[in-house]
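Thanks, everyone, for making time this morning. I would like to walk you through a few places in this structure, so please have the sequence and the model open while I talk.

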Amino acid sequence: MEGAGYRVVFEKGGVYLHTSAKKYQDRDSLIAGVIRVVEKDNDVLLHWAPVEEAGDSTQILFSKKDSSGGDSCASEEEPTFDPGYEPDWAVISTVRPQPRHSEPTRGAEPSCPQGSWAFSVSLGELKSIRRSKPGLSWAYLVLVTQAGGSLPALHFHRGGTRALLRVLSRYLLLASSPQDSRLYLVFPHDSSALSNSFHHLQLFDQDSSNVVSRFLQDPYSTTFSSFSRVTNFFRGALQPQPEGAASDLPPPPDDEPEPGFEVISCVELGPRPTVERGPPVTEEEWARHVGPEGRLQQVPELKNRIFSGGLSPGLRREAWKFLLGYLSWEGTAEEHKAHVRKKTDEYFRMKLQWKSVSPEQERRNSLLHGYRSLIERDVSRTDRTNKFYEGPENPGLGLLNDILLTYCMYHFDLGYVQGMSDLLSPILYVIQNEVDAFWCFCGFMELVQGNFEESQETMKRQLGRLLLLLRVLDPQLCDFLDSQDSGSLCFCFRWLLIWFKREFPFPDVLRLWEVLWTGLPGPNLHLLVACAILDMERDTLMLSGFGSNEILKHINELTMKLSVEDVLTRAEALHRQLTACPELPHNVQEILGLAPPTEPHSPSPTASPLPLSPTRAPPTPPPPTDTAQQPDSSLEILPEEEDDGADS
């Protein structure tokens, strides 16, 4: 609801103050109220106000303003449905609350004796938030201000703590304290303020502000250098959140499930099929697919062959232009020549934009100067052991530099981010032409540019999808990783960021990428590649007694020790095993491209433990609202958003 100068972005009823120190609260010591998050005058306020009570203390009467603007209160009773906790797992409810017939009023506070308990605090004044331990009692939150004072504990009799924390994390960074997992330290969404406060967390032994700044601004290099120290703090920050909710909230602790709810965490998969990969596509085989006018024929069959065997080295220079969208699979040879002439002219026009900038101009263009400095530094250390790039005066380094600077002119919004040089290097190595390599690189960036966005939303979403796939494929491994504080799969960040560029030898990276570029057997095969690696290391991880730091160390030590053919074989087998499952959850089908998304802005998979949505059937008309709902023998898995929403 919006008013003059304010907007209510969150509201939750059934939030009580317990004014007695006794273990068991009597009715007179409970003050029912409504908690709201309000945007007002360029500030965001957390506001709690009491409401009148009548009868049972679990029933709230909402004060409503009549149409005449008077103060008379029309009230409706909420149903006496009080789960007394918030389930963190997806559950099947066998007890359903009756539908509500009234909504809490957003407006003036009711005149009541408890009005003196009302409070309002700016989110910028919060220092920390403590969450209650899980149990059978009501969940509560304790808010501590920067001045050191505590606000009255907010007891959520109808659930809603997680929903409130999600809303708060739109405006704040909530960091789980390493000393107390239920204490969330509050920081503004500002990296400098976060860095200055890190000495309170004692996460790093030295140079903490530098590490934090590098991770927030440059997750790529920090992943390689200091990620083992950053992981513990940012494990929560990398958890995916539903769209519309901020993503910096650490995963909430697992509460105990309530009797009457059944936990659903896995599906039964059939046996894993045996997969045999084929030989690489040769130049002779490719030539058989070229028609009289130079148009490729039987393209689906050709893509399938590339997927199953890759390409022979001599064919890559031509075939990669098609795989990366630079040349059209349907075009003729003459059309391709015309397209290359057009793209060559376009490339050099963009290159001239930065080449013509004088040193005096560049001194006044901090953005271009920053890109140039960063590119020069990265290029000087990219694949220098490869003969194509070795030596101090290697011309390949100059081409890397020019292409990356020109890409900054091509994509002003994204510019250059560390890690892009790693993606360009193999392309230039194969194509060996500046213009063609640039446009092939642009095609690759169309696939992965979200990995380099400052918000890191794409990376968080991918980690969430990877976690969902892994939970379906191997729930025992997920449970083990959860038990070792590694359930967020942050150690896979580097894998997904640059598509395993640092995990395989250079020739194997070429084979892996060309297989992934086919788009077969469906989208997100790179996530199944990650699952395949974890599946290969499953016994080592689970039988070794590794903790979170040892797990991260072991994963990092896999670099250059993996066989790309073994990994691809296992990834394809995992895909076939999943697609053969008749009861594959719908959100897994979406990841594999087996089903379209049910909504244009459907939430991304949530943090572990992940809810698995059932296989969707065609929508059926909702039952009449006046019909009493009876327990249903069929399985219905409630999405996490609905868990909280049902309490609001």
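When I say helix, I mean a DSSP run of H or I with at least four residues, and such elements are numbered from the N terminus. What you have on the screen is a predicted model, in which local features need pLDDT of at least 70 and side-chain atom pairs count only at pLDDT 80 or more, while totals for chains, interfaces and linings use all residues. Residues are numbered from 1 along each chain as its sequence is written, and side-chain values use heavy atoms, with hydrogens and water left out.

Let me begin with Asp402, which lies in helix H13, residues 395-410. Asp402 is buried, at a relative accessible area of 15%, where buried means under 20%, exposed means over 50% and partly exposed is in between, using a 1.4 Å probe and protein chains only. If we set aside the neighbours within four places in sequence, Asp402 is in contact with Tyr347, Lys351, Trp354 and Glu434, contact being heavy atoms within 4.5 Å.

Tyr347 also belongs to an aromatic cluster, together with Phe348, Tyr407, Tyr410, Phe438, Trp439 and Phe441. Over the ring of Trp439 sits the charged end of Lys343, 4.2 Å from the ring centre; for this, NZ of Lys or CZ of Arg has to be within 6 Å of the ring centre and within 35 degrees of the ring normal.

Moving on to aromatic pairs, the structure holds 21 of them. Rings of Phe, Tyr and Trp, taking the six-membered ring of Trp, pair if their centres lie within 6.5 Å, and planes under 30 degrees apart count as stacked, over 60 as edge-to-face and the rest as tilted. One of these pairs is Phe388 with Tyr389, edge-to-face at 4.8 Å centre to centre and with 90° between the planes; Phe388 is partly exposed at 22%, whereas Tyr389 is buried at 0%.

Phe444 and Trp517 form another edge-to-face pair, with 5.2 Å between centres and 80° between planes. This pair links distant parts of the chain, since Phe444 is in helix H15 (residues 434-448) and Trp517 in helix H19 (residues 506-517), 73 residues apart. Phe444 counts as buried at 0% relative accessibility, and Trp517 does too, at 7%.

Lastly, in helix H17, residues 475-483, the buried residues are Pro475, Leu477, Cys478, Phe480 and Leu481, and they pack against helices H16 (457-473), H20 (525-536), H21 (538-543) and H22 (548-556). After H17 comes Asp485, with a positive phi near 55°.

Conventions. Helix = DSSP H or I, 4+ residues; strand = E, 2+ residues; numbered from the N terminus.
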